[in-house]
Amino acid sequence: MLTNPLTKNVTDQNVAADLGRYLENGGYRGWRKAHTMAPDKIIEQVKDGGLRGRGGAGFNTGLKWSFVPRGEGSPEQKFIVCNADEMEPGTFKDRLLMERDPHLLLEGMAIAAYAIGASIGYIFIRGEYHLAAERLENAIAEAREQGFLGSNIFDSKFSLEIFVHRSAGNYICGEETALLNALEGRRAIPRAKPPFPQVSGLWGKPTVVNNVETFCNIPHLIELGVDWYRGLGRGEDAGSKVFGVSGKVNNPGTWELPMGTPIREIIEKHAGGMQDGLELRGFLPGGGSTDFLGPEHLDLPMDYDVIGKAGSRMGTGTIIVLDNQTCPVGLVLNLSQFFARESCGWCTPCRDGLPWVVKILQRIEDGEGLPEDLDLLREQCQRIGPGKTFCALAPGAAEPLQSALKLFEQDFIDHIENHCCPYE
Amino acid sequence: MSSLLEPELIEVMEHSNRDSDKFSGPLTAEEKEEIDREASHYENKSSVGLEALRIVQKHRRWISDDTIQAISNYLDIPVAELESVATYFQLIFRQPVGKEVIYLCKSASCWVMGCDRLQKHITETLAIEPGQTSADGIFTLLETPCLGDCDKAPVLMLGEEMHRNLDESAIDDLIDKKKKYHADKSPD
Amino acid sequence: MPTITIDGEKYQVDGEQNLLSTCLTLGLNVPYFCWHPEMGSVGACRQCAMMEYKDSEDQHGRLIMSCMTPIRDGGIYSVKDEVAEEFRGSIIEDLMTNHPHDCPVCEEGGECHLQDMTEMSGHTMRRYRGTKRTHRNQYLGPFINHEMNRCITCYRCVRFYNDYAGGEDLQALGRNHQVYFGRQEEGRLENGFSGNLVEVCPTGVFTDKTFSSHFVRKWDLQTAPSVCEHCAVGCNTAPGARESGNSNEPILRRITNLYHHDINGYFLCDRGRFGYEYINSATRIQNVLSVRQEDVISSTAEKGDRMHREINPQEAVLHLAEQIAMANQGKRNLIGIGSPRTSLENNYALRKLVGSGNFYSGLSQKDQELLHLVSTIQQDDRIQSPSTPEIENADAILILGEDIYNTAPRISLAVRQAARNRQKQQAKSLKIPLWQDSSVRQLEGDYSPIIFAGTELSNLEKITSNTLFESPEKVASFACNLALAISDPTSLSPDLEPSLLELITHTAGILRGSSKPLIISGTSSKHADTLKSVAQVATVLSDYKKQPTMLYLACDEVNSLGLIQFFNDGKGNLDELLERLKKNTDNQIPTSLMILENDLYRRLDKKSLEQLLSQADEIILLDTLLNPTSKRADWIFPASVTAESQGTFINNNGLAQRFYAVYEGKGFIQESWRWLMDAVNFCTEKPANLSAIAEWQHSTDLSDAIAREFPVLKALDSLGPDEDFRIDGLKVARQSARYSGRTAIHAEKQVSENPPLQDPDAPMSFSMEGIHNPNRSPLQANIWSPGWNSNQSIFKFQEEVGGERRGGPSGIRIERPQRVMPEWPAPSTPPEVAADPSHVQMLPLYRLFGSEELSNQAMGISEVIEAPFVMVNHIDAKAFDIHQRELIELETSCGTYRAEVRISPTIPSGTVGIPYGLPDFETLSPLLPGYASLRPAEAPAITED
Ligand SMILES: Cc1cc2nc3c(=O)[nH]c(=O)nc-3n(C[C@H](O)[C@H](O)[C@H](O)COP(=O)(O)O)c2cc1C
Ligand code: SF4
Ligand code: FES
């Protein structure tokens, strides 16, 4: 039974699986099967498969698709958009999938487009991913040539064009509604929700945005079915996932593993454990906008709700490890600088609150912090929390900060009391 | 215009933004052709403005006032509207950059793995702070958000090429190689 | 109607509004920045946070942004909840990290929404210890100051300027905490509604530069409700005046918007906002002048020009009294010339004085005929004159021969909103509430159809679906054919050019298929056939749809439609006067011409006018500004301007509106009618007409007399309140309760406090004493409410947010008898002739800045008026071998004019566009439309002959 549907074509070589190799390995079978199915059935299967969005929020993908208005009176033009803006600190999974197996993404998008009735797809890729963009463009050309994309695919009435859209930077472009604005050539400010993109998205037309990895799950889920897909997971959640570890471990990297794989297994077995002489103090389980967890959480399985209950988020499933010789205040400062700079400038708490947070943290790191600064930081975490800001960027920024203030409180106090960074 | 904004990434180089050098002036046939091709992918003209900025920058390294005017004329999009997106997106440069742009990843994983040390080294070697261009006009140093190669941190992107698992000596090699390359090329 | 609970109180509310505007309607104080009553919600500032509870059990609630929250029937909300309150305070604290505390030198101080909201939030202590981010400012032209450091990034400016007003040169630039609101480079903000930024920006980033130059705080401004005099739309304004530091005499310091639900709503155009400065200009007449008798040895003045000296007013009034007495004895002809730019009252007074047979409109025959046509058309019950909200709701618009951005600017802003109706329709079908502004705008629905046919279209071109640039003759013929196509498409001539036929059929289809079609036209193309055919389209459409057609007709001047009511027989124009004087029949006795607030050089071609003036033995002028006519006058009386007087104007919709004096003019300035009355009072013998005049005491005595004498103007009777109106025994105060320094102002001359000036005309005092609450009196123009010092406080005085002003709208429609308009013969189709430089048709082109007489003298505006030009069609230009910017000469029946060529692809071939009323080109205006010959300029410059 296939256990690594996402990376089965990925080798040690930094080359993309071309169409030939892709087909040899069973490529486009999912798409062939899907186009004979009723769109409703595809959506149902994706929903039942329990695939949750791999972009960070973990929303059921089939359910998301089902919100697209269908049938009479619904707009004719619809869009499918792939979110390939990967810029979350510590996240490096979509790059791998796009560079090594671009057809898998195209196949996933084709199935999704067919399911929702979209005839145009865009891959919104961050401007720095030159190689991935090139390989995707080549793959699109190959797929068009062979009739997997283009007009009247498989001699049906269904047509689909996919374009690669290179972005011009900015983390906020990954937020799906800001992404739509960027795609429309506007300033990438997030949009108010409702209306959700499924109803009024790109140019006001129904649009589904999914993450690269999410799309990559689709072909096999359709081809091999719900039971197989659900069976891939080790815990509560279905399917497999590309997990990653960065930081001072012996063997940083990415691995496709079953959902529900315990964190310890990922860090210790796959990433080879901590480098010599270092201890693990904590980790961000799913990228820069998730809460720190501590060593006590190492045995938790990587499942959305489990990690959620532990007080963090599964996010992108790429773990950043903090060792005992790296300053947690410095790391949080670094993350806050990132978020403050990447704020789109739309809403007050994010735009003006984050630079303030940065200034406070910088002060503490420089040994000029005051005891009351900690309360101020805690208060700021409240102000930029969920529901207070226009989008999820600032709440994301609050997560590492608020958890660090709990987990590493003594480090903050030491900085303030000793008027210097103890790690320098 | 961009000089009104606090320079976020790039500092203004000595020569004026208005100079019509080879980075300015009307769009070339090639640029127009590329813009038109890209435009055919979108329903609406508004999308094309940003694309045009990106495309033209590929040819001219940066977007001067004259260039933005040229794009405005070609696409019939108000200059202010183009300026609004040009100043919003960090990969559109409204000020001159060197021949080689060093995008040094400053995000979490690279920070843990020592990107600050690399930055200090680059700053000392080339005598430039982030946002500045070296005196020989070859290198511009920019800090960039996570480049998505965190398992090989610290990393940087030079032009369009990724360089991974870096240390000081790797940086030295890189700089030397590029310096030599540009020295060999006829001066421009 | 849904019922909701806010902080324990139950309310029945309008479910269409969001929670924030519902709270404001209920009179609750909820702070906000980015929301705007007219522009809706975007949820950026997070200032309007409230709590929402799931049900009565829910103790914690959820923080929500009230501006983004639709009303839920049975919903439970709180403004006062501690969490919400604290959050609102935290927003202020965040904003203050960058806001400079420069209130003492900020023009917004004292009426700053940011100050108000800061107070309201309860936020008092700031803990930020860092540096503030700073910006450089831009030069934005003579109207608007830029101080970016004060910005709180609410995005209102760009939402107004770009989204609402269609401006293209102001944008949000940059990102994160460095967002910058400015132009792509320094320079004047080009959109004609830029002045609204001053009121839209909640802090002092965009302030009124003209005001800055003679700044005082809002509470030190004396105000009264007024009506903008710079076009005939009739926008309501709140002019503000105050004594100038050393001369004691008050000067007008600024104009702000005065909300009127049916006309201007929240916004004014820049001509209306910045045109006021003509009042303080050097050309202002402040004293009584008389012609100098001594010989002038040498002078640069033109032949016929007079030199004047100041004289004692009494001398002049006595002289006037003598003339009146002579006229009574039949020894003198007294002829009065009225004006469309002054009140009904002033016109009436002159008419009463000279008698209706001797009273002339001050309009040329052509202009008078056009106005007469407008009034006739509006009298037909198949025609309905739409208000601004009705225009905004139209689902298809046809504009014929009127460049409304330049002739009725506020109406073009309304048309711009109407263009979005399809998009709004789409939003409704997606259940997106219309106040959810950015969500509605992201629906790129097509624009609603807007079809234009005329000479020139400014500002609206990007939102029109079809345009036809043609001469007035062809526009009229297009309209005629359109009328045919609406009633019976088969009756169209098969000879029509295919593209024209297609446009006609398309337009007919649009108008027939729409449910709220609107037609816009007016007098500015000065072409009667256009108006007649427009009327025909409207009536045919009305017959087809069995409902009155909305037809907006724009007239030239503020009281055009008022003046014409005195001339219901269509007689009394200047051409007739010329004929009469030329006939010489009553030349046995001398003639005095009394000209009321009118520059006749803008009315009649120079030759005819000189002839007319030379027939008079004496010219008496009552006016506000020196102008070419004043150069010919023997006696000049300083007349008060709108802001200095009380009276009535009738706007394009036939709405009679009263304006009240804001302050008393300088020097000897007074209302024209008072000069006449003063003179009459010196007459010993008083026949009936004179004794009526002698009895006038109040401006309202004249209004009442007009109402009695002219049944169509009966409405003036009910306009009010009159001078005897009192609230709790008190008048309404023109000065705020905290008007400062009133005892000190005159201290230089006299230490005891001067008694306030008495106002004989209005129930208003020129002091702080009296009623201040705008809710209790529609007369209050100082819009202020405790805690709400900026103009945002207007919601406290509306029935609901965006609704009628409490106490009812100002103005009453005049009741003209309903009459079916005559059947006019179809205009003959003009023959096609090849363009010929020796015979080009000159067409008027209007300019927001430059075409209107008074505002042209305003300092800021005079800076931005274009230089005169002659606009030539690009194909003609090739044929005539003339080039862009080349100097050319235009030879007319009244002399030669010289200007730069401007080449245009849209100006109809065979015609040239001439800017109407532009300085140096004023005397050309009466010749438009007319013919001239064109040649390259060779000889040294001579203007006129
Ligand atoms: C600030 C911010 C940045 C984001 N960046 C990304 C991103 O780079 N890639 C991505 O797939 N999702 C990103 N997301 C999540 C998207 O908004 C969206 O949830 C996701 O694309 C949906 O796809 P999925 O359902 O397949 O996960 C981001 C969200 C926020 C708030
Ligand atoms: S300039 Fe004024 S209106 Fe514009 S964003 Fe700043 S505070 Fe708001
Ligand atoms: S007024 Fe509600 S968020 Fe600004």
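Predicted model: local features only at pLDDT ≥ 70, side-chain atom pairs only at ≥ 80, totals over all residues.
Local features were taken at pLDDT of at least 70 and side-chain atom pairs at pLDDT 80 or more, whereas totals for chains, interfaces and linings use all residues; side-chain values rest on heavy atoms, with hydrogens and water left out. Residues are numbered from 1 along each chain as its sequence is written, and chains are lettered from A and ligands numbered from 1 in the order in which they are written.

Chain A is assigned domain 1 (19–232), domain 2 (240–323) and domain 3 (328–418), the bounds coming from an automatic or database domain assignment. The centres of domain 2 and domain 3 of chain A, taken over C-alpha atoms, are 23 Å apart. Contact (heavy atoms within 4.5 Å) involves 12 residues of domain 2 of chain A and 14 residues of domain 3 of chain A. The buried area, defined as the accessible area (1.4 Å probe) that two parts lose on being put together, summed over both, is about 1100 Å² for domain 2 and domain 3 of chain A, with 64% of it on carbon and sulfur atoms. R281(A), D291(A) and F292(A) account for 52% of the area that domain 2 of chain A buries against domain 3 of chain A, more than any other three residues.

Two salt bridges (a side-chain nitrogen of Lys or Arg within 4 Å of a carboxyl oxygen of Asp or Glu) link domain 2 and domain 3 of chain A. One salt bridge joins the side chains of R281(A) and D411(A), at 3.0 Å from N to O. On the side of domain 2 of chain A that touches domain 3 of chain A, the residues comprise four nonpolar, five polar and three charged; here Ala, Val, Leu, Ile, Met, Phe, Trp, Tyr, Cys and Pro count as nonpolar, Asp, Glu, Lys and Arg as charged, and the others, Gly among them, as polar.

Between chains B and C, 18 residues of chain B are in contact with 22 residues of chain C. Together chain B and chain C bury about 1700 Å², of which 48% lies on carbon and sulfur atoms. The side of chain B that touches chain C consists of seven nonpolar, five polar and six charged residues.

Ligand 2 is surrounded by 13 residues, the closest being C151(C), C154(C), Y155(C), C157(C) and C201(C); a residue qualifies if one of its heavy atoms lies within 4 Å. The shell around ligand 2 divides into 10 nonpolar, two polar and one charged.
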